[in-house]
Amino acid sequence: MTGFLLGLLFAAGVALLLFGDRTAAARAWSSSASGKLRDLLRDAGVDWRPLTVIAASLLSALLAAAVAVVISALPVLVLACACAGAAVPVAWLSKRREQRRHERERAWPDALRQLADGLEAGLAFPAAVRLVGEAGPTALRADWRAFQARTRASGLGTAIDGLTERDERTAETVALLLRPGLLELPAGGMAPALRELAGVLSERFEARERARSRAASLRTEAAVLALSPIVLLLIVGTASPLYLDAYRTPTGTLVGATGGLVIFGCWLAMRRLGRVPEPRRSGSRS
């Protein structure tokens, strides 16, 4: 009896360690995913909670699956539409985030030129910053107002560090210029450096916009090529309904799922080939 109890306690201890590690890993994964979702919502400028995004994904998946059932009750098609529908909210947030990043990237040269104009007009640096925060490019006004508030509360060094909170290489470049410039150069001597940096950022933005335009064309071609087999299958099925019966069997479902995964993989490969690497901070992960 004693041996049985010892064995039972030993097994319970092993199970507790195993399931405890799994629970901790699951919690860590959940915390990481929730943090990434919060960062996505913040960068997209959407005042939602992570649970709202999850609920929207579930609702979108159900609607897409219902539409697929109405069009053609193919198990593979229903599953593919449900997966695509679930990804719609996250894809929309990612698209919105990229648009906001492009707006900020476009606004940085104008903000730096306005800051340089203020310095050349004889304004002190804090006054020039306040001018940009009040009348500068809309996409960056909040950043410069926060810069001014940090300067008053914690000093200039903390304010410059605050510019690099976002994962943006352009903001880091501006911070690298401001840090030595404000310590080593007079206000008037810093204006030409700001204006020169604005010109460099403008040229870089124009080059990236051309690359993004080509990448958008390639993404459109990838979407058309990926959807063509599905549309062709539905057209043939409409003309000959018995043709689709083969895909409703277990073997047909397996073949359809395999073909769908191949199409999806080719679509991802084409998108990756046409992806334009976005500038990130030098210390950030790619």
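Is Arg101 buried or exposed?

**Before you start**

This is a predicted model: local features need pLDDT of at least 70, side-chain atom pairs count only at pLDDT 80 or more, and totals for chains, interfaces and linings use all residues. Residues are numbered from 1 along each chain as its sequence is written, and side-chain values use heavy atoms, with hydrogens and water left out.

**Stop 1: Arg101**

Arg101 counts as buried, because its relative accessibility is 16%. Buried means under 20% relative accessible area, exposed means over 50%, and partly exposed lies in between (1.4 Å probe, protein chains only). Arg101 forms a salt bridge with Glu98, and the closest N and O atoms are 3.6 Å apart. A salt bridge here is a side-chain nitrogen of Lys or Arg within 4 Å of a carboxyl oxygen of Asp or Glu. Both residues sit in helix 3, three residues apart, about one turn of the helix.

**Stop 2: the whole fold**

Zoom out and switch to cartoon. The protein has nine helices and zero strands. Helices (H or I, at least four residues) and strands (E, at least two) are DSSP runs, numbered from the N terminus. Of the 286 residues, 29% count as buried. Look at contacts next, meaning heavy atoms within 4.5 Å. Among contacts with a separation of 6 or more, 64% join residues 24 or more positions apart. The accessible surface comes to about 17800 Å², and 66% of it belongs to carbon and sulfur atoms. Accessible areas come from the Shrake-Rupley method with a 1.4 Å probe; for residues, only the protein chains shown count as cover.

**Stop 3: the nonpolar core**

Hide the surface. Select Trp108, Leu115, Phe125, Trp144, Phe147, Leu178 and Leu194. These residues have the most contacts inside the largest nonpolar core, which has 28 residues. A nonpolar core is a set of buried Ala, Val, Leu, Ile, Met, Phe, Trp, Tyr and Cys residues joined through side-chain atoms within 4.5 Å. At least two core residues come from each of helix 3 (75-120), helix 4 (125-135), helix 5 (141-154), helix 6 (156-163), helix 7 (169-184) and helix 8. Helix 3 gives the most, with seven residues. In soluble globular proteins, nonpolar side chains tend to be buried together.

Which residues does Phe147 contact, leaving aside its neighbours within four places in sequence? Select them: Phe125, Val129, Leu156, Ala159, Ile160, Leu163 and Leu178.

Move to Leu194, in helix 8. Leu194 counts as buried, because its relative accessibility is 0%. Leaving aside neighbours within four places in sequence, Leu194 is in contact with Leu112, Leu115, Ala116, Leu119, Leu177 and Leu178. Draw a distance from Leu194 to Leu119. Their C-alpha atoms are separated by 10.0 Å, though the two residues are 75 apart along the chain.

**Stop 4: charged pairs**

The whole structure holds 10 salt bridges. Side chains of opposite charge can pair when their charged atoms come close.

Select Arg195 and Asp117. Their side chains meet in a salt bridge (2.7 Å, N to O). Arg195 lies in helix 8 and Asp117 in helix 3, so the pair ties together parts that are 78 residues apart in sequence. Arg195 is partly exposed at 30% relative accessibility, and Asp117 is partly exposed at 41%.

Next, select Glu105, Arg208, Glu209 and Arg212. These four are linked in a network of salt bridges. Within it, Arg212 pairs with Glu209, the closest N and O atoms being 2.6 Å apart. The two are three residues apart in helix 8, so about one helical turn separates them. Arg212 counts as buried at 10% relative accessibility, whereas Glu209 is partly exposed at 28%.

**Stop 5: the cysteines**

How many disulfides does the whole structure have? A search finds zero. The cut-off is a pair of cysteine sulfur atoms within 2.5 Å. Cys83 is partly exposed at 48% relative accessibility. Cys266 is partly exposed as well, at 46%.

**Last stop: a surface patch**

Select Leu227, Ile230, Val231 and Ile235. They form a nonpolar patch on the surface, with about 350 Å² of accessible area together. Patches are made of residues with over 30% relative accessible area and no salt bridge: like charges are joined within 9 Å, nonpolar side chains (Val, Leu, Ile, Met, Phe, Trp, Tyr) within 5 Å. Val231 is found in helix 8 (residues 187-239), and counts as partly exposed at 44% relative accessibility.
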